[in-house]
Amino acid sequence: MSSHFSIFRGGVIRDIALIEHKSKRSNGEWSDVQNVIHHVDALPFYLHKIKKNGSKDARVHIEEAKSADFLLDDLTVIYDRYTSDQSGLIQRGMDRIFGQVITGIHEYEKMLFLGTPLLGIGRLKLENNAIYMSPPKNGSRFILTTQTKEEVVKHFSSQSNIIKIFLGITCVIGVGLATYIIKKWYTKRIERMAQEAENARMAARAAANNRQSSNNSDSQECVICLSNPREVILLNCGHICVCIDCVQTLPQPMKCPVCRQNVVRFHNAYMA
């Protein structure tokens, strides 16, 4: 097929686009929009390898060339022109009143010329003694490009590195989020256990106070604060004479308020 802008140039794939650039008013604000007319034409073609002696290898016929990756980006630009709007002031004024102003027209044409070296990666099949290359049925990439094999490998390697970096960042964020959630859950669990222990202690103290009131006796009162019940046994002397609050305020080294012996440790005591 021939070029629309150069009758002396021909090829097998032609990519033509006409892009109309506009400014459009919407809800009182102007924004840039584009109207794109894009069309790709393709003729059947084949690949072959030219040997050093000038002879050609078997032909590989290309099917669905327009669906191949890289190919449309590798086409040669024949024509590329941007024309700004040349309408008069009256026309511009009318356009602004109606809320749509054409700012320019962009046209381009690209082609794949005959004899262009191409690298093909796809599914090969033998049919009627002819070799065909088409998109793989397993969803793998179908590639036609003017790049070399090394350049294609480098392209995909750079993409894989970007994906690895993204996955690494995602993993770090995921681990950090999981750590935060576990830490928050653990903190709440410790607080709940501490609250349950405090509630049990307060319930035991209330029960002891009730027993003390019913017995009408002062023998169960803490010897330090004289208000809370005795809740702690001091070891090794074995005296039960202080509450849990007062035992934590005893000066170090801790001594029994009754016998003045050193306190090695203490435990909660439950009075019958």
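Author: Happy to! The sulfur of C222 has its closest cysteine sulfur in C225, 3.8 Å away, and that is too far for a bond. A disulfide is a covalent bond between the sulfur atoms of two cysteines, and the cut-off used here puts the two sulfur atoms within 2.5 Å. C246 is in no disulfide either: the nearest cysteine sulfur belongs to C243, at 3.4 Å. A search of the whole structure finds zero disulfides.

Before going on, a word on the ground rules. This is a predicted model, so local features need pLDDT of at least 70 and side-chain atom pairs count only at pLDDT 80 or more, while totals for chains, interfaces and linings use all residues. Residues are numbered from 1 along each chain as its sequence is written, and side-chain values use heavy atoms, with hydrogens and water left out.

Back to the cysteines. C222 is buried, at a relative accessible area of 0%, and C246 is buried too, at 9%. Here buried means under 20% relative accessible area, exposed means over 50%, and partly exposed covers what is in between, with a 1.4 Å probe and protein chains only.

The peptide bond from L235 to N236 is cis, with omega near 25 degrees, and N236 lies in the loop between β11 (232–235) and β12 (240–242). Another cis bond runs from Q252 to P253, with omega near -5 degrees. P253 is in the loop between α3 (244–247) and β13 (265–268). These labels are DSSP runs numbered from the N terminus: helices are H or I with at least four residues, strands are E with at least two. For context, most residues other than glycine have a negative phi, and most peptide bonds are trans.

Positive phi turns up as well. F70 has phi near 75 degrees and lies in the loop between β4 and β5 (76–84); at 12% relative accessibility, F70 counts as buried. N129, with phi near 65 degrees, lies in the loop between β8 and β9 and counts as exposed at 78%.

Strands β8 and β9 form a hairpin with two residues between them, and N128 in the turn has a positive phi of about 55 degrees. Five bridges join these antiparallel strands, β8 and β9. Two strands pair if DSSP finds at least two bridges between them. R123 stands opposite S134, a residue of β9 (residues 130–134). S134 is buried at 4% and, leaving aside neighbours within four places in sequence, is in contact with E63, G122, R123 and F142; contact means heavy atoms within 4.5 Å.

Between β4 and β9 the pairing is parallel, over three bridges, with H61 opposite Y132 of β9. β3 and β4 (residues 60–62) pair in the antiparallel sense over two bridges, and here Y46 stands opposite H61.

Y46 also takes us to the largest pocket. Its lining has 14 residues, of which Y46, H48, L114, G115 and T116 lie nearest the centre. β3 and β6 (100–113) each supply at least two lining residues. The lining divides into 10 nonpolar, three polar and one charged residue, where Ala, Val, Leu, Ile, Met, Phe, Trp, Tyr, Cys and Pro count as nonpolar, Asp, Glu, Lys and Arg as charged, and the others, Gly among them, as polar.

One last stop: R96 sits in helix α1 (residues 89–98) and is partly exposed at 47%. Not counting residues up to four places away in sequence, R96 touches R25, W30 and V101.

Key: 1 Å grid on protein atoms, 1.4 Å probe; cavity = no way out; pocket = protein on both sides within 12 Å on 5 of 7 lines; lining within 4 Å.
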